[in-house]
Amino acid sequence: MSAVDPSAPTAAILVAAGRGRRMGAVPKPFLPLAGRPMLVHALRALLEAPGVHAAVVVAPPAYLDAARAHTAAFPRVAAVVPGGEERQDSVAAGLEAVPQAEWVVVHDAARPLATPDLVRRVLAAAAETGAATAALPSRDTLKEVAGGVVRRTLDRERIWQVQTPQAFRAALLRAAHERARREGLRATDDAALVEAAGGVVRVVEGEALNLKVTTPADLELAEAVVARREGLTPLRTGIGYDAHRLVPGRRLVLGGVTIPFDRGLSGHSDADAVLHALMDALLGAAGLPDIGQHFPADERFRGADSRRLLAEVVSRVQAAGFLPVQADVVVLAEEPRLAPHLPAMRAVIAGLLGLEEEAVGIKATTTDGLGAIGRGEGIAAQAVATLRPVPPKA
Ligand code: MG
């Protein structure tokens, strides 16, 4: 099988213009599924498929602004355009918005569970004949019924249930749409237009979970699938380390708690090594730059309360799509004795991370007199933090 040239411009057309009145006033693609609109799930699958360079979203004219807001976080969305009266008109509008595309993959926003792998397989199959569709072989015996009685039993072997995505050489699909327009041909999918124009449409085995959300029951099922998939998304772990020198004339602040001692840690902010190590662990787990990048040693952060900085880190981590699950910290200090202060530190950290205290570990150790920490010249802290992915704010 030849592959689609990976450098050939390949555009996805996401059809989100269906009215779908069966499920209420809001168009179906805009209904929330696991906290974000169905169309965003479908868009992600398209853009995560290898080879897809750009996408155009076709939305109902009254929902253009909403569609633009929901897709603003996806830089490869080339355009959001108004759809037409019927699905066929909407695909035609999408095609016009991607004049440079050599290959197009058309997908319905009402199928939010399609995977990037299915998109990839359909595109690869299209390379053979110029057109391909996802479809499932029929498992049930199918009968033709009229007037309440069976007229005949169909040959199940030859019956496939068609899905999207469908992929085409762009010129072929454009010609098929042009011909349909000329001849007044209407069809419920694009493959049918290519068939009518004499094209050969390859069939790729689709996905059983790539269901078309049509009823509230479908939406409930889709919710369960998304919840399971997101539950399977791996957790992320980060590590952080910090150390500061002990000097006279400074307050000793560790884990957001002020600890009575004759010296404190020197630093630009309050020098809370515990919260600093924790911030770097959180940022690392989220794949974000370290705290020095977020809070440079300038006037804004002189003497800063590190609890405020940690709250800011948590919100940046959330904006990046993650929530804390658990954290563990070890403080390395020869003196003072930290054990009496650990419960207070734990409460501060749990509060700032939005966690139960059981999800926060904090302990102190000496280094048995070894090294600079052992000589009491400073205090250090190490932290690990675990994050789980959350749906991005739509
Ligand atoms: Mg520090």
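**Ground rules**

I am working on a predicted model, where local features need pLDDT of at least 70, side-chain atom pairs count only at pLDDT 80 or more, and totals for chains, interfaces and linings use all residues. My numbering runs from 1 along each chain as its sequence is written, and side-chain values use heavy atoms, with hydrogens and water left out.

**Entry: T71**

I placed T71 in helix α2, residues 64-71. My helices (H or I, at least four residues) and strands (E, at least two) are DSSP runs, numbered from the N terminus. Setting aside residues up to four places away in sequence, I found T71 touching L39, L43, V57, V77 and V80. Contact here means heavy atoms within 4.5 Å.

**Entry: α3 and its cover**

Next I turned to helix α3, whose buried residues are Q88, S90, V91, A92, G94 and L95. I noted that their cover includes the strands β1 (10-15), β4 (54-59), β5 (77-82) and β6 (103-108). The helices α5 and α6 (190-196) are also part of that cover.

I then looked at how α3 (residues 87-96) meets α5 (residues 170-183): their axes come within 11 Å and cross at roughly 135°. That angle makes α3 oblique to α5. My axes are lines fitted to C-alpha atoms, for helices over the stretch in contact, with angles from 0 to 180 degrees between N-to-C directions. Angles under 35 degrees count as roughly parallel, over 145 as roughly antiparallel, 65 to 115 as roughly perpendicular, and the rest as oblique.

I logged the crossing of α3 and α5 as left-handed. Left-handed means that the near helix is turned anticlockwise from the far one by less than a right angle, and right-handed means clockwise. From α3 the contact takes Q88, V91, A92, L95 and E96, and from α5 it takes L173, R174, H177, A180 and R181. I sorted the residues of this contact into five nonpolar, two polar and three charged. Ala, Val, Leu, Ile, Met, Phe, Trp, Tyr, Cys and Pro count as nonpolar, Asp, Glu, Lys and Arg as charged, and the others, Gly among them, as polar.

**Entry: the magnesium ion**

Which protein donors does the magnesium ion have? I found D242 (OD), H244 (NE2) and H276 (ND1), lying 2.1 to 2.3 Å from the ion. Donors are N, O and S atoms within 2.8 Å of the metal (3.2 Å for Na, K and Ca), and water is not among the atoms, so sites may look incomplete. Along the chain, I read the donor spacing as D-x1-H-x31-H. H244 lies in strand β12 (residues 236-248) and H276 in helix α8 (residues 273-285), so this pair ties together parts that are 32 residues apart in sequence. I checked burial too: both H244 and H276 are buried.

I located F295 in the loop between α9 (291-294) and α10 (306-319). F295 counts as buried, at 11% relative accessibility. Leaving out residues up to four places away in sequence, I listed M279, F301, L309, E312, V313 and R316 as the residues F295 touches. F295 and V313 are 18 residues apart in sequence, with 9.8 Å between their C-alpha atoms.

R307, L310, A311 and V314 of α10 make the contact with V348, L352 and L353 of α11.

V348 turned up again when I looked at V257, in contact with L252, A344, M345 and V348 once neighbours within four places in sequence are left aside. V257 is found in strand β14 (residues 257-259).

Most residues other than glycine have a negative phi, and most peptide bonds are trans. I noted a cis peptide bond from T164 to P165, with omega near 10°, and another joining E335 and P336, with omega about 0°.

I also found a positive phi, near 60°, at A271 and at D368. A271 counts as buried at 0% relative accessibility, whereas D368 is exposed at 68%.

Methods
Buried means under 20% relative accessible area, exposed over 50%, partly exposed in between (1.4 Å probe, protein chains only).
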